[in-house]
Amino acid sequence: MKILALSCSPSRGRNSDTMLDYFILGMKEVSDIEVEKIYLEDVPIDTYRYENRLGPSPHENEFAQLSEKITEEISGLVIATPTYNFSVPAHLKNFIDRIRFFALDLDKRNRFGQPVGMLGGLKTYFLVSGGTPNWAEHILFFTFPAFWLRGVFLYFNAKVYGAFYSGNIATFKNAKILEKCRKLGKRYAHKVVLQKGQGILENIFWRPPQVK
Ligand SMILES: Cc1cc2nc3c(=O)[nH]c(=O)nc-3n(C[C@H](O)[C@H](O)[C@H](O)COP(=O)(O)O)c2cc1C
């Protein structure tokens with residue numbers, strides 16, 4: 001089973017990127033798991049506009065390859081990102097805006113009139129770094145990327161296996177947090193192999209409206 005690890009911080013080797021590296025170490029401890037790491041920054045993606053709504057433009061080769069990888073090859077997607085202004089870096093936001101051509105079926109509508117998600121087989125996990133201490137993020141969780149990313153990918157009908165936030169600005173050299181990431185990676189990969197269902201929170205709070 002193949003898992004794609006998408007590193008979305010422009011700062012390589014810093015917090016979320018290192019969290020991802022340790023998560024990958026954990027995933028690789030599970031047999032039958034193959035992991036590929038990609039820096040989203042290495043994939044040029046034009047800003048979303050009506051004209052490119054149906055897929056990559058002819059010059060967007062890397063984006064076309066990444067889209068094909070997600071739809072055809074992978075079982076799991078791990079996104080590692082910093083928190084930027086209560087959200088994610090612009091390039092990640094744009095990537096998520098652009099993938100709607102394969103993430104949503106605009107010809108089908110659920111009972112609220114919304115398009116239907118098409119990422120049914122994808123198991124996701126989110127690693128988020130931020131400058132806000134963990135205790136404050138726990139209280140204001142709904143203003144942080146882990147909450148938003150869960151919501152978006154559930155809307156796309158993907159399975160969400162969880163999210164981990166670190167508010168330590170020196171996470172990249174914090175052995176305890178990185179060891180936690182390794183363990184979480186191993187647990188996530190086990191769940192992918194066993195095709196487990198998602199957590200209770202995802203099923204109760206974020207469950208997208210059913211299709212008619
Ligand atoms: C432009 C910018 C905006 C930021 N906005 C937030 C924010 O809204 N909330 C927060 O907790 N941290 C914020 N931070 C802090 C980063 O999320 C934090 O330093 C994080 O650890 C960086 O992760 P990285 O090393 O993976 O890039 C911001 C940092 C930058 C550069």
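Residues are numbered from 1 along each chain as its sequence is written, and side-chain values use heavy atoms, with hydrogens and water left out. Because the model is predicted, local features need pLDDT of at least 70 and side-chain atom pairs count only at pLDDT 80 or more, while totals for chains, interfaces and linings use all residues.

The ligand is surrounded by 16 residues, each with a heavy atom within 4 Å of it. The closest are S9, S16, T83, N85 and T132. By class, this shell holds five nonpolar, 10 polar and one charged residues; Ala, Val, Leu, Ile, Met, Phe, Trp, Tyr, Cys and Pro count as nonpolar, Asp, Glu, Lys and Arg as charged, and the others, Gly among them, as polar. An N or O atom in the side chain of N15 is 2.8 Å from a ligand oxygen. For T132, a side-chain N or O atom is 2.5 Å from an oxygen atom of the ligand. T83 uses a backbone N or O atom, 2.6 Å from a ligand oxygen. The ligand taken alone exposes 640 Å², and the protein buries 72% of that (Shrake-Rupley method, 1.4 Å probe).

T83 sits in the loop between β3 and α3; helices (H or I, at least four residues) and strands (E, at least two) are DSSP runs, numbered from the N terminus. F86 lies in the loop between β3 (76–82) and α3 (90–98). Which of these residues is buried and which is exposed? T83 counts as buried because its relative accessibility is 18%, and F86 is exposed because its relative accessible area is 60%; buried means under 20%, exposed over 50%, and partly exposed in between (1.4 Å probe, protein chains only).

Contact means heavy atoms within 4.5 Å. Leaving aside neighbours within four places in sequence, T83 is in contact with V128, S129, G130, F144, P145 and Y165.

A nonpolar core is a set of buried Ala, Val, Leu, Ile, Met, Phe, Trp, Tyr and Cys residues joined through side-chain atoms within 4.5 Å. The largest has 31 residues, and L6, F95, F153 and F156 have the most contacts inside it. Elements giving two or more residues to this core include β1 (2–7), α2 (61–73) and α6 (145–155). The largest share, four residues, comes from α6. A second, separate core of 22 residues includes A5, F164, C181 and Y188.

How values were computed. Polar contact = N/O pair within 3.5 Å; in protein donor to acceptor, adjacent residues only side chain to side chain.
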